[in-house]
Amino acid sequence: MARLIAKRLGQMLLIMGVTSLLLFAIFDTDQFRRQIAVSELGGFGVATLNAADYEGWLEKKGLNEPFLSRYVTWVGDVMQGDLGRSIEKNMAVSTLLADRLQRTAILASCFFVLMVPISLTLGVLAGMREGGRLDRVISIVAVVTTSIPQIATAVLLTVFLSLGLGWVPAKSAMVGGFSFRELVLPLLTLLIYDIGYVVRMTRASMAEVMSANYIRTAVLKGLAGSHVIMGHALRNALIVPFTLIFLQLNWLLSHVVVVEVFFQYSGFGRMLYEAAMFGDIAVLQAATLVAVAVAVISQLLSDITYILLNPRVGAAG
Amino acid sequence: MDTHPPQAATAGPSPILECRNLSVSYETRAGLVPAVVDFNLTLMPGEAHGLVGESGCGKSTIALAIMRYLGRNGRITGGQVLFDGRDLLTLSPAELRRVRGADIAMIYQEPMASLNPTMRIGRQLAEVLTVHQGLDRASALDRAAAMLERVRLADAGRILAAYPHQLSGGQQQRIVIAMALLANPKVLLLDEPTTALDVTVEAGIVDLIRDISAEFGTAMLYVSHNLGLILETCQRLTVMYSGEAVETGPVDEVFRQVRHPYTRGLFASIPVPSADKASRPLVTIPGQLPSPTNRPRGCYFGPRCTFFEPGRCDDAAVPMAQVSRTHASRCRRIAEIDWDAPPAGAVTREETTIGRTVLQVEGLSKRYHTVRANEDLTFEAREAETLAIVGESGCGKSTFARILMGLDQATSGSISLMGEELARLPVTKRDRVTIRSLQMVFQNPFDTLNPSQTVGFQIARVLRRFGARMSETQIRERVLELLDMVKLPRDFAGRRPRQLSGGQKQRIGIARAFAGDPAVVVADEPVSALDVSVQAAVTELLMDIQRRNGTTLLFISHDLSVVRYLSDRVVVMYLGRIMEQGRTGDIFAPPYHPYTEALLAAVPIADPTITKRKVVISGEMPSPSNPPAGCPFSTRCPYAIEDLCERTVPPAQIFGEGHAIACHLPRETLLAMEPIIIAADSLNEAHTHHA
């Protein structure tokens with residue numbers, strides 16, 4: 001187990017190094033530098049600059065130093081906890097990131113608190129009797145919800161719940177401070193899609209376990225149905241969904257972009273979107289590091305859960 | 001439900017389990033398909049009843065119907081299942097639960113799959129008692145530990161704390177048996193309990209099952225495809241065919257006086273010791289099992305029966321007819337058939353002459369890290385010879401085949417095929433001639449054909465690959481010839497694998513292997529996935545083609561009966577080493593290697609005229625990654641000499657021509673060994689004279 005963790009963290013550092021280097025290389029073109037200048041000074045401003053002034057501007061921003069030395073400086077700064085400054089927002093990236101991550105963490109926690117019990121329960125109920133009426137209803141609904149793109153769900157939910165019924169606000173900018181009501185629409189948009197997905201996976205796993213020979217053994221031992229499900233089927237059936245749930249963390253990180261931008265929720269996803277549009281390299285770099293960390297750690301958690309739940313792997317590893 | 005029982009209640013003790021006109025159907029898209037039709041069974045307390053038949057005959061369905069566990073699409077469509085006089089089919093779910101596991105318990109085919117992989121053994125055992133007898137966990141565990149000793153599992157504490165995957169297959173099956181016995185049931189249902197196990201492990205389990213019925217007085221319904229096992233374990237048997245019982249009676253009587261053509265066909269297709277490929281070959285049952293949706297009128301076996309009489313056998317359903325007070329058969333012509341005549345269709349063959357050496361293996365070893373998969377193998381195979389490589393799983397026989405075929409490379413030693421060195425030559429570097437002269441028939445015909453291409457295309461592809469200069473017409477002609485050779489209709493060329501039965505697929509596998517006229521064909525367990533009657537047909541076919549073409553056949557198998565029947569010479573392997581090799585006659589007669597002796601004693605033989613000397617070996621094969629330094633069999637050998645066998649690799653002692661036994665035992669001890677298989681001579685004589 002310790003070896004696995006060390007290995008995964010090593011991998012994480014390696015991926016972080018490679019992706020940040022790649023990003024640096026991409027942003028190290030004249031084109032990008034000029035784009036940054038345009039974003040900051042305006043198209044007209046840049047056009048009026050002569051070559052020397054432009055060089056001077058680059059000098060001031062530290063953008064014309066050699067690529068490697070800038071990268072090494074950046075790595076050194078990151079090691080010390082300094083993620084640089086956002087050109088667009090003109091504030092320390094760490095401050096911005098902390099604020100935005102916190103917002104997204106609120107969204108994500110609410111998401112997981114609702115998603116996990118709902119999808120596991122529905123999945124297990126559907127898989128208990130494969131092909132039964134309950135299974136058919138749940139499966140059809142799950143297929144439908146996972147078939148609708150999130151942007152469509154977002155529009156539909158806004159039209160019905162906000163514009164139509166007026167239950168919740170249409171946008172989640174939270175200008176007047178934090179509001180749970182404003183969280184409802186982004187949360188629902190994410191839940192509707194992902195619950196369908198996890199339900200289908202749980203159902204498949206449960207259905208497979210229910211047809212396993214050891215379930216027959218348990219039934220023919222004379223155990224009651226509930227005892228068979230709770231005592232024998234559940235742990236085996238939940239191994240796969242549980243590992244999957246941790247991977248949803250990674251899924252969530254990319255899908256919050258659509259949802260947060262649509263509902264104007266100022267979280268990590270929206271920050272990423274704006275930084276990408278603006279070419280705010282320091283923010284993008286920091287966001288990449290966070291994304292890689294989330295991806296690797298969620299996989300690590302997924303592996304650890306698998307090992308803990310499955311004695312066969314535990315013995316071998 | 002209102003059908004009357006067919007036989008009047010018998011006097012004396014009342015049966016513990018009775019099936020009366022039991023019918024089971026499965027719901028499919030094509031409608032209700034009958035799986036079991038009008039099945040009757042009377043099981044007395046303490047009696048063991050065998051249920052025999054090939055796959056699809058409904059024997060497992062009966063066991064599951066008794067437990068009322070038929071899955072979502074199974075339906076009991078008629079009849080009664082009486083347990084101690086109570087009809088199980090009318091019980092409420094709660095009442096049924098009290099019967100399951102407590103009064104009737106079941107033992108399954110695959111022990112590993114039958115145990116919950118994420119639950120410790122102790123808990124899986126204890127819950128039988130906590131549920132049925134209301135015991136608390138601690139005392140249930142105590143009882144479970146005691147039961148483990150009775151199924152001869154040492155170290156109960158460790159086993160109770162273990163997960164299933166930490167135990168061997170034999171141990172797992174003993175756990176399943178212990179679990180079934182815990183609540184002291186009156187009836188045990190055994191569904192192929194040893195089919196997934198190795199022969200020597202199987203022998204231990206069979207022994208245990210026999211002792212259980214004696215010790216606990218449990219009645220048993222033993223479902224198996226293996227007539228030899230039924231003979232060793234049961235007092236009565238019922239033979240099933242296509243959902244019907246066709247013959248039933250005391251085991252001894254049915255074995256000696258077969259009264260149904262199907263049962264007779266089954267016996268003729270089993271390689272018992274008196275069968276011989278030259279003088280008394282196997283006789284196969286022609287045709288195929290009818291599909292359950294399309295059973296013939298009258299006798300279901302009619303279309304395949306050599307005694308079929310139109311108008312009589314196909315007019316109406318055939319009832320069971322009494323042969324004696326205890327023996328019945330579902331045949332209209334019991335009285336007319338000469339049951340002692342040799343089965344029709346037996347073709348005797350000439351002995352083949354064995355030619356020059358084709359394949360020479362010398363000091364071959366293969367190691368994977370610490371695992372010694374093959375260790376110092378030396379043997380040869382000659383032209384037109386069938387050389388059997390025999391051993392249980394993990395003995396290294398398949399590793400050898402992989403090296404020979406170039407799928408793996410040897411660590412040291414040599415394999416020479418007609419002078420060409422192959423031990424470290426991967427198949428990708430072999431030239432076409434070598435690849436063509438060395439072909440393989442695989443174990444599982446279901447996985448080795450490409451499902452998306454026609455059979456003819458797949459055979460033609462082999463022909464093209466071998467680079468023989470042939471026009472498309474010539475290739476097509478050759479494909480048809482090959483289909484003729486494996487006795488399949490020519491129009492099969494246009495079929496896809498899913499339209500073929502298992503035996504037909506294996507025939508295609510054989511046609512493919514022999515397409516390039518190879519010098520050596522390796523057949524890795526070619527019939528073990530097939531049914532008994534199909535096995536015989538495929539075995540005979542393989543032999544015919546091999547003899548006609550003068551091919552060297554390396555027959556890799558765990559099945560000593562088949563090996564004795566078809567091979568000229570035998571190599572016995574254990575844990576990567578050769579224990580004994582020699583001509584087939586020498587291997588099956590003393591002197592034996594102690595492992596060969598144990599192996600021979602373990603194989604069940606479906607012939608009541610034969611008695612076997614009992615050999616007890618304990619334990620299971622040690623892990624190949626940590627074998628004993630000396631003789632690999634020393635950990636289980638009843639003759640092991642202390643301080644010698646486990647330390648020093650035994651020398652090969654030579655007895656007669658090419659017969660070598662790797663053993664430390666003194667020559668005199670080996671020579672003084674008694675035969676394992678003893679034929680009751682008088683009866684056996686009568687048998688062969690008829691042939």
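I take the expected span of a helix as 1.5 Å times one less than its number of residues. Helices (H or I, at least four residues) and strands (E, at least two) are DSSP runs, numbered from the N terminus.

**Ground rules.** I am working with a predicted model, where local features need pLDDT of at least 70, side-chain atom pairs count only at pLDDT 80 or more, and totals for chains, interfaces and linings use all residues. Residues are numbered from 1 along each chain as its sequence is written, chains are lettered from A and ligands numbered from 1 in the order in which they are written, and side-chain values use heavy atoms, with hydrogens and water left out.

**Helix H15 of chain B.** I checked the length of H15(B), residues 472–485: at 1.5 Å a residue its 14 residues should span 20 Å, and the end C-alpha atoms are 20 Å apart, so the two agree. Next I looked up burial (buried is under 20% relative accessible area, exposed over 50%, partly exposed in between, with a 1.4 Å probe and protein chains only). In H15(B) I found Ile475(B), Val479(B), Leu480(B), Leu482(B), Leu483(B) and Met485(B) buried. With contact meaning heavy atoms within 4.5 Å, the buried residues of H15(B) pack against H14 (455–465), H16 (502–514) and H17 (532–549) of chain B. Just after the helix, I noted a positive phi of about 60 degrees at Lys487(B).

**Strands of chain B.** I count two strands as paired if DSSP finds at least two bridges between them. One open sheet has 4 strands in the order E2-E1-E4-E5 (chain B), with antiparallel pairing. E2 (31–43) and E5 (86–87) of chain B are the edge strands; each has a single partner, so one side of each lacks a neighbour in the sheet. E1(B), residues 17–28, pairs with E2(B) over 9 bridges in the antiparallel sense, and Ser25(B) sits opposite Pro34(B) in E2(B).

I then moved to E13 (357–368) and E14 (371–382) of chain B, antiparallel strands joined by 8 bridges. Tyr368(B) has Val371(B) as its bridge partner in E14(B). Their hairpin has 2 residues between the strands, and His369(B) there takes a positive phi near 50 degrees.

**Chain A overall.** I logged 14 helices and 2 strands in chain A. Its C-alpha atoms fill a box of roughly 90 × 55 × 30 Å along the principal axes. Of the 317 residues in chain A, 45% are buried. Among contacts in chain A with a separation of 6 or more, 73% come from residues 24 or more positions apart.
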